Amino acid sequence: MRRGWLGLGALLGVSSALLSACDGGTPVQRGFASRQLLTFRDSTFRFNYVAPNHIYFQTGVPLDQAPDLGPPPEYWVVDPTTGQATDLGTDKPDFTAIIAADRSPPPTGRYQCVVDLAADGVTPILTITDTQTGAMATIENPTFTSPDCPSDDDPTIRYWHAEDDGTYSLWIGPYTAPQRATLPITVRHLYWPVTGGTLVGAPSSNAPNGIGVYQILDADPSTATAFIPAQLDSAAWAADASSSAPLMSSGLSEPNFFLPATPGHYTYERAMADGGTVMFAGPYAGGGGPRELALFPLTSDEQLEYLMIEPYNFRTDGQWPVSPAWVTSDPLGQSVAFSLWRDASQRLATCPWAAERHPTARADPAGENALFMRPQGCCSINPNSALLLMVPNASDGNPCRMLASDYVGVADFSPDGSAMAWLVEDPSSKAVLWTAARDGSGARSIGEGKIAGVNDAVQRQPHFVGPSQLELTLGTDLAWVDVHDDPVHMHYITERAFGTPIDIGRWLVTGHDLSAQDGNGTLALINRDTGETRDISPGVASDDSPAQAGYTTTDTQLFATTAARGVFQDDGRDVPIIYIVRGRNKSPQDGLWIATITAQDRQ
C-alpha cells in the first residue's frame, strides 16, 4: 500500500461478503459475516496493534528487510466499524499509551478520578471531577486512597499524605475540603492497608529508638494498636534458616521491606542489637510457640530487591497480589540468590542463580512452586539460559532443582497444576520438548524437531490450551499433545499452518494450506479435538485479532493485552478476526477484512 494509492481514494467499505473473485471472475464466499474494510494490495503491510475499536498497521518497509535499511514506515489506524482509515505519517504512535488506555475501564458514576504526574515527573496528582456540577479538586501526592474514587452518594475520601519533615498525615472528608485527622503517634512509615485500617511504622514508647508497627483504624484514627512491638519478644529461627545467631532487637529497620504473607502475617526487617539486619515473618498467635520467625540475615554489602514472580491467576484476572520473595546479590550482581517464604507451611527456600537479578519467573497454579528463566529478546537465545525450579515444600529437603543447564526460553506450568513443560533450543541440534511433574520429578523428553520457540510469536511457542494439553508448531504443522500421555500421542490439527494461532476454548483460528507459490492460504476456525474445519476465507496473507494476546473473562477488559501463553477461557463473547486478502492476481477483494466468530459458531 503506497501513500498515493490510499490518498487517491482507494479505500472501500463493503458490507457484502460476496464479491467478484480474486482470480477469473468466480465469486468467492467468505464466511463468518466477513466484510471488507479497505481495498489495497501492498506486500509491506504489517499489523502493529489490533483492538476492538481500532486497528494500527504500517506499510513501506519490506518484511524481509531490516527497518533501519530503508525509509521510515508509514503508520495508519482504521476504525473497524466504519472502515475509516487515517494516515498517521511516519511518526510511530505511542502504543504503550494506546494499550494502557484500552485496558483502563471506562469511567462510571458521578465522580471521575484521574491520576497524573506533577511538573517534577514524580509526584502523583489526583484530580476528582463531579460530572453533574463540574466541580473539580486536586489532591497532591495521596497514598492509600480510599475509596479509589468517591461514590455517587458520598463525596468522602480518605488518604495519607507525605509531609516535608518525612512524616505522614491522614486526611478525611469531602474531597473538596478534607480535614487532617488527629493521630496518637508520629507516623514515619506507611506499610500496608488492611481491612478496616492501615499498618504504619512509628517510634515506640517502650523502645524510644525503635520502630514498631501500629494499626490505625479507619473508624477511629485517634487510637493506635500495637501490631508488631518494637521490642522483640518471643522469637526463633525458621526451620530452613541458615543461621542460629542470638535474636535481640528493639525495632524494625528503616527503610523496610514490609510484605504481606498469608492474611494477618507479614515479612519485615528488624534492626538487630549486634548492628545487623534480619528478615522476619509474623506476628503469629504464639500459644507456646514463637510470635516471630527469623528467616535470613542481610549483610551490609548485600543488595535486597523484591523478586517479581507472575502469579498464575494474572493471566485471566489481571491481579498480581504481592508475595514474600526476594533477590539478594552483591553490589555487582555477580552472586545472586532467590528466596521464597511459604507462610502456610512456614518453609523458606533459598537458591543460587547464575544468570541475573531480574529473571522471567512464573508461579504454578497453587502458588507454591516457581520456575525461573533468563529473559529472552531478539533474535537468539541468550547464553546461560538455564531453567531453575524452586520447590519450597520439597519432601526431600532440596528446594533447588536445575531442570536444564542452558538454551531454555519457553517454560510453563499446566493449568491443572499437575505438570510443567519446557523447550530446549540448542542451536547446534534439534529443539527438544520436555515435560515433568510440577515439582520437576519424572522429567522426560516428549519430542524433538523444528519446534517453534523463542523467536516465534507467543502463540506459536509450545503453550497449554487445556488442563494438560500442550499446543505446538512442529515444522509447518499445528498439533497438540497431552503431557501425561506415555507413550506420547501427537494430535495433528492442520498442515502447512501460517500466522499465529488464535486460541478460543477448544477452537482456534489459524491459517493453513499455505501456498509457497502465492504466499497465502486459507484462514479457518478449527476444533482442535475433532479436526472440524470451517473456512473463513481463502487467499489470506496474514491475520490478527484482539484475542491474540489472551482471552479474559473479566468485565473491565474485553481482551487481555498480556501474553497469556495459551490459557484461554471462552466466555461466549464475539471474537473479531482481522485478516489480509492478497490473491494471486490483483483484485478489488484485496485488502483488509473483518470476520466475527460468535459463540454459536463455536458450538
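Visitor: Let us start with a single side chain. What is the relative accessible area of glutamate 532, and is this residue exposed, partly exposed or buried?

Guide: The model here is predicted. In it, glutamate 532 has a relative accessible area of 36%, so this residue counts as partly exposed.

Visitor: Which residue does glutamate 532 form a salt bridge with?

Guide: Its partner is arginine 534, and the closest N and O atoms are 2.9 Å apart. Arginine 534 is partly exposed as well, at 23% relative accessible area.

Visitor: How many salt bridges does the structure hold?

Guide: The count is 19. One of them brings together the side chains of arginine 188 and glutamate 254, with an N to O distance of 2.7 Å. Arginine 188 belongs to the loop between β14 and β15, while glutamate 254 belongs to the loop between β20 and β21, so this contact ties together parts 66 residues apart in sequence. The two ends are partly exposed: arginine 188 has 32% relative accessible area, and glutamate 254 has 41%.

Visitor: Which residue forms a salt bridge with aspartate 486?

Guide: That is arginine 444, with 3.8 Å between the closest N and O atoms. The cut-off for a salt bridge is 4 Å, so a pair at this distance is counted. Distant parts of the chain are linked here, since aspartate 486 is in the loop between β39 and β40 and arginine 444 is in strand β36, 42 residues apart. Aspartate 486 is exposed, at 61%. Salt bridges can also join into networks, and one such network links Glu310, Arg315 and Asp412.

Visitor: Strand β36 has come up. Which strand do five bridges join to β36, and do the two run parallel or antiparallel?

Guide: The partner is β35, residues 431-437, and the two strands run antiparallel.

Visitor: What is the strand order in the open sheet of four strands?

Guide: The order is β25-β26-β27-β28, and the pairing is antiparallel. β25 and β28 are at the edges with a single partner strand each, so one side of each has no neighbour in the sheet. From one strand to the next the twist averages 20 degrees. Within this sheet, β26 and β27 pair over five bridges, with alanine 325 opposite leucine 340.

Visitor: How many disulfides are there?

Guide: In general, a disulfide is a covalent bond between the sulfur atoms of two cysteines. This structure holds two. In one of them, cysteine 113 and cysteine 149 have their sulfur atoms 2.0 Å apart. The angle about that S-S bond is 85 degrees, and the link is right-handed. Cysteine 113 is in strand β8 and cysteine 149 is in the loop between β11 and β12, 36 residues apart. Cysteine 113 is partly exposed at 26%, and cysteine 149 is partly exposed at 24%.

Visitor: Is the link of cysteine 351 and cysteine 400 right-handed or left-handed?

Guide: This link is left-handed, with -95 degrees about the S-S bond. Cysteine 351 lies in strand β28 and cysteine 400 in strand β32, 49 residues apart. The sulfur atoms are 2.0 Å apart. Cysteine 351 is buried, at 1% relative accessibility, whereas cysteine 400 is partly exposed at 24%.

Visitor: How many aromatic pairs are counted?

Guide: A pair of aromatic rings is described by the distance of the centres and the angle of the planes. With a cut-off of 6.5 Å between centres, the count comes to 18 aromatic pairs. Among them is the edge-to-face pair of tyrosine 111 and tyrosine 175, with 5.4 Å between centres and 75 degrees between planes. Tyrosine 111 lies in strand β8 and tyrosine 175 in the loop between β13 and β14, so parts 64 residues apart in sequence are tied together. Both of these tyrosines are buried.

Visitor: Why is the pair of tyrosine 268 and phenylalanine 280 called stacked?

Guide: The pair is stacked because the planes are at 10 degrees, with the centres 6.4 Å apart. Tyrosine 268 is in strand β22 and phenylalanine 280 is in strand β23. Tyrosine 268 and phenylalanine 280 are buried. They belong to one aromatic cluster that also includes Tyr191, Phe227, Phe258 and Tyr266.

Visitor: Which charged end sits over the ring of phenylalanine 280?

Guide: That of arginine 270, at 5.9 Å from the ring centre. Arginine 506 likewise has its charged end over the ring of tryptophan 480, 6.0 Å from the centre.

Key:
Residues are numbered from 1 along each chain as its sequence is written. This is a predicted model: local features need pLDDT of at least 70, side-chain atom pairs count only at pLDDT 80 or more; totals for chains, interfaces and linings use all residues. Side-chain values use heavy atoms; hydrogens and water are left out. Two strands pair if DSSP finds at least two bridges between them. A disulfide is a pair of cysteine sulfur atoms within 2.5 Å. Buried means under 20% relative accessible area, exposed over 50%, partly exposed in between (1.4 Å probe, protein chains only). Axes are lines fitted to C-alpha atoms, for helices over the stretch in contact, and angles run from 0 to 180 degrees between N-to-C directions. Rings of Phe, Tyr and Trp (its six-membered ring) pair if their centres lie within 6.5 Å; planes under 30 degrees apart count as stacked, over 60 as edge-to-face and the rest as tilted. A charge sits over a ring if NZ of Lys or CZ of Arg is within 6 Å of the ring centre and within 35 degrees of the ring normal.
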